[in-house]
Amino acid sequence: MSSDQFDSALDLLRRLPPHSTAANLNRICALAPDLTEELLSSVDQPLQTRQCKKTKRDYLLCDYNRDGDSYRSPWSNEFYPEVEDAEMPSERVRKMEVRMGEAVEVYRELYYEGGVSSAYFWDLDDGFAGVVLLKKTTPKSNSEGGWDSIHVFEATDRARNAHYKLTSTVILRLSTGNEALGDMDLSGNMTRQVEQDMPVQDDGSHIVNVGKLVEDMELKMRNLLQEVYFGKAKDIVGDLRSVQPLTEANKEKASHQEMINSMKR
């Protein structure tokens with residue numbers, strides 16, 4: 001695999017519409033099959049949902065529960081389609097995975113009031129790692145929207161403390177359109193990272209610590225999206241398109257300038 005090809009593929013995906021990332025990624029993989037594994041593990045794309053055949057519960061698909069073309073269900077701990085000699089989490093890590101999945105479900109109902117969530121853990125030499133996934137979409141109509149959260153973390157044991165490294169990505173898609181206003185599409189993604197040492201007493205402490213890190217990060221990113229991105233978009237649209245006539249807006253600006261000049265005298 002050529003590093004130049006890989007860098008060019010990433011550069012191209014960054015310049016294409018974010019809401020079409022999955023389709024464009026499939027096209028690039030078809031053109032350059034040698035890049036498939038690296039691209040799938042490097043490019044964040046909207047999460048897909050699948051139903052567990054054993055428990056009939058929905059779960060989310062990502063690169064961290066994938067083995068070839070099969071995906072592991074967090075509810076049954078089985079791959080669909082079945083995979084021989086698949087890498088599975090240890091008994092200790094699997095227990096924490098189940099507890100985190102239950103905690104994330106409660107969090108999702110409180111904050112998102114619906115949607116789908118999943119949690120996947122795996123073993124590391126000096127600890128463990130995992131990913132927390134959240135997805136919420138609106139019903140298809142003239143106005144559509146989707147929110148995907150991907151929180152990947154590593155936990156390294158250090159005596160009575162643990163060192164956590166969290167990388168969070170939010171993928172947001174909003175679109176609306178009608179004859180009067182036309183079509184609008186606002187989509188993109190944001191990635192943030194944080195590292196922190198936190199006290200640990202037992203495996204239950206890991207669930208609390210990771211949950212707190214994910215909750216705090218989601219709150220920060222949600223506020224950033226609302227205040228910075230949406231606020232900036234609102235300002236730009238307001239400057240480009242005014243509801244009041246241009247003559248009235250110019251009169252207001254002139255009166256404001258006259259008032260400022262009089263105050264300087």
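A disulfide is taken here as a pair of cysteine sulfur atoms within 2.5 Å. The model is a predicted one, and a search of the whole structure finds 0 disulfides. For cysteine 62, the closest cysteine sulfur is that of cysteine 52, at 15 Å, which is too far for a bond.

| Residue | Relative accessibility | Class |
|---|---|---|
| Cysteine 52 | 0% | buried |
| Cysteine 62 | 12% | buried |
| Serine 117 | 3% | buried |
| Tyrosine 229 | 44% | partly exposed |

Serine 117 belongs to strand β6, which covers residues 116-124, and counts as buried because its relative accessible area, 3%, is under 20%. Its side chain makes a polar contact of 3.0 Å with the side chain of arginine 108. Beyond its neighbours within four places in sequence, serine 117 is in contact with several residues, including Leu60, Trp75, Val104, Glu105, Leu133 and Leu134.

On the surface, Met184, Leu186, Val228, Tyr229 and Phe230 form a nonpolar patch whose accessible area together is about 430 Å². Both β10 (182-199) and α5 (203-240) supply at least two residues of this patch, with the largest share, 3 residues, coming from α5. Tyrosine 229 lies in helix α5 and, at 44% relative accessibility, counts as partly exposed.

Methods
Residues numbered from 1 in each chain as written. Predicted model: local features only at pLDDT ≥ 70, side-chain atom pairs only at ≥ 80, totals over all residues. Heavy atoms only, no water. Patch = residues over 30% accessible without salt bridge, like charges linked within 9 Å, V, L, I, M, F, W, Y side chains within 5 Å. Areas by Shrake-Rupley, 256 points an atom, 1.4 Å probe, with all protein chains shown as cover. Salt bridge = Lys/Arg side-chain N within 4 Å of Asp/Glu carboxyl O. Helix = DSSP H or I, 4+ residues; strand = E, 2+ residues; numbered from the N terminus. Buried < 20%, exposed > 50% of the residue type's maximum accessible area, 1.4 Å probe, protein only. Polar contact = N/O pair within 3.5 Å; in protein donor to acceptor, adjacent residues only side chain to side chain. Contact = heavy atoms within 4.5 Å.
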